[in-house]
Structure formats: C-alpha cells, structure tokens
Amino acid sequence: MGNRAIGKPGSWAPRGPAGRVLLCLVGLLVWLPGAHGFPVCASDERTHHVVVLGDPHLPGRYLPAKQAVLQTINGWADVDRVVVLGDICEDRGTAEEYAFARQFFAAPTAPTHFLIGNHDYIYEDGTTARGGRIRGGPDSRAAKLRRFREAFGLDEVYSSRRVGKYLLVFLSTDHLLSPHLAQISARQLDWLRAELRRHRTTPTVIFFHAPLRGTLLDFSDRVNQDDYVAQPHAELREVLLRNRQVLLWVAGHMHVSATNESYRSAVNLFEGQVATVHVTDMQREQIWTTSLLLHSDRVVVKTFDHTKGAWVADLERTVTPGRH
C-alpha cells in the first residue's frame, strides 16, 4: 500500500538508480547503524529538501500566482519531494476540478505526494437551491475517494516513506461517516499505530490536512474547534503521546497567513512534544510555501515569500529530534 508519486523518476535520490548503487558501493566501508538493525548507506546523510504546499483550491482565485509558485519550485534544483496538504480542489471535488488539478500538477519535476482535504471528498457534486454545499453520505464520499485516487494514480490515500534518518507519514481525511471535516478512518488509524510501532526509534514527520488541537491562538471562532482540527482528536493525542519519535505535524486547512502571530509561536508545540507547522494556503495573491530541510541531526523549517522571491529569515526555525 502506498502513494504512487507523480514526478520525475529518480528525483528522490541522487543521480537516479545507478547513482544510488555507486554511492552505496563507495560507502561499503562506512556503515551507519540503522533504526531497525540493518545498515544504512552513508549517502543518507545528505540533506533532503521537502517543499510543502497548503490548500491550492484549484482552479480557484489567483490562478496566475499559483502557477508562478509551481514554476519557482520547479526551478529549485535541490527539491527532493513536494507534498500537497489537501483541499487540492476548489470547492466540491467535481470531475472538472480534478481534471484541472491533474493538469496543474503535471508540471512538477520532483515526485509529489497528494493528500485529501475536506474539499476533495466530503461534499456532493450538487448544491442547494442557493448554491451551498451539501455534505455527502458514505456512497458520495467513497466515490470522491476513488476519484481522488484515479486522478493522481494512487493505490491508497495514506502511506509512509523512509527518507534518510526520517520516516515521513502521509495521512488523508477519509472517514465516510464523520460529522467533522478532517477525520481519518478507523482503518487508517490502525495503520498509523502499526506504522509508528514499527519505527519507534525513527524520527518521524507526519503530514495531514488539519492541525492538532490547541496549536493555534484563537484568532477566529473556527480555531481549535472540532471541524478545524485533526480527528479523532483524543485517539490521535494518545497515539502521539505513545510515540515520542514524532517531532513534526505539518498541516494546512486553517489558511494561516505567514504574517499571523500563530504561524510561528510557542503555542505550536503540542503536548510539549510535537511541533506543529502551519502551512499557508495558496488561495491568495501573496503566497508563502514551507520547506523542510531534513538534515541528519535536525529539521530546518523555512518559509519562502513568492511575492518577494525571498526566504523569510525571521520565520526560520529548527527542530531537533528528542529536543524541541
């Protein structure tokens, strides 16, 4: 089970398959202890660059700005992977929205992971008499999940990948009955428990559409409410407290501007353990993207202002495994 990444084959590792073999052969005399008792090629010590996009809402508003963001990222030669945090579709996950999104993301040169948000699956195609959204039932939601998988060629809507020293976990909203906007199914929750149990000593980064409860200041009446946090909240809290190797939770959903006080704040730390990274949405004229630089001993979180074409130094932060 797992996502089939869309993008240029070999972008995830240096110089493609042949390069990986050569690097490992050269490194035969220099082995590092693996988290599970197996040797890790010394080339895994290199820094990995993961770019995170929040809530594209395609096609939506400000389309030229969104296209410019993708062009900029494609110009960064060091990008290993792109993660899109859900709400890829503008509103209701219609066939037309998915067709546009598929075409929009045909351009990235790095492999890309697509996660599901509420606008991708939870609403029916039709609307109320006044044009409002209708939350779909189990059949409608299941059909939208199939539409999502087919659009991006995915075997499953959640997966994980070992990257150097780290485990990256990609979760998606997929509950067929939940009254909440961002809830994972019992099956996915069981998978997450098992996956973290198998990698208990591996520093882990989790990507999901919604943030953890209590990791934002109350700047609106939606913040930290049931529809706007990762669900099921109590079960996820228990899972995280049992797995202290999880150091980052990367989320969108709340459309937190990089100028918001909550974007980088002490409140982002969940239960004194997991640093929540809030990624700004793309449904705006001024767009910021988040980059994770995975070093062997730390993760550097950086913010790029695509209007100014520059990194925002004041927003940079470093998270060290086992020490926040």
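Predicted model: local features only at pLDDT ≥ 70, side-chain atom pairs only at ≥ 80, totals over all residues.
Residues are numbered from 1 along each chain as its sequence is written, and side-chain values use heavy atoms, with hydrogens and water left out.

**Entry on T303**

I looked up T303 and found its place in strand β13, which covers residues 299-305. Is T303 buried or exposed? Its relative accessible area is 1%, and therefore T303 is buried (under 20% is buried, over 50% exposed, in between partly exposed, with a 1.4 Å probe and protein chains only). I then saw that the side chains of T303 and Y263 are joined by a polar contact of 2.7 Å (a pair of N or O atoms within 3.5 Å; within protein, one must be able to donate a hydrogen and the other to accept it, and residues adjacent in sequence count only if both atoms are side-chain atoms). Setting aside neighbours within four places in sequence, I listed the residues in contact with T303, including A258, W288, V312 and R317 (contact means heavy atoms within 4.5 Å).

**Entry on helix α6**

I checked the length of α6, residues 186-198: its 13 residues at 1.5 Å each should span 18 Å, and the end C-alpha atoms are 18 Å apart, which agrees (the expected span is 1.5 Å times one less than the number of residues). Buried in α6 are Q188, L189, W191, L192, A194, E195 and L196, and what covers the buried residues includes β6, β7, β8, α7 and β9.

I next compared axes, which are lines fitted to C-alpha atoms, for helices over the stretch in contact, with angles from 0 to 180 degrees between N-to-C directions. The axes of α6 and α7 come within 11 Å and cross at roughly 5°. Because of that angle, α6 is roughly parallel to α7 (under 35 degrees; over 145 is roughly antiparallel, 65 to 115 roughly perpendicular and the rest oblique). Where they meet, I found L189, L192, R193 and L196 of α6 against E235, L236 and V239 of α7.

**Entry on two histidines**

H199 sits in the loop between α6 and β8, and because its relative accessibility is 14%, H199 counts as buried. I found H175 in the loop between β7 and α6, where the side chain of H175 reaches the backbone nitrogen of S178 at 2.9 Å.

Definitions and conventions: Helix = DSSP H or I, 4+ residues; strand = E, 2+ residues; numbered from the N terminus.
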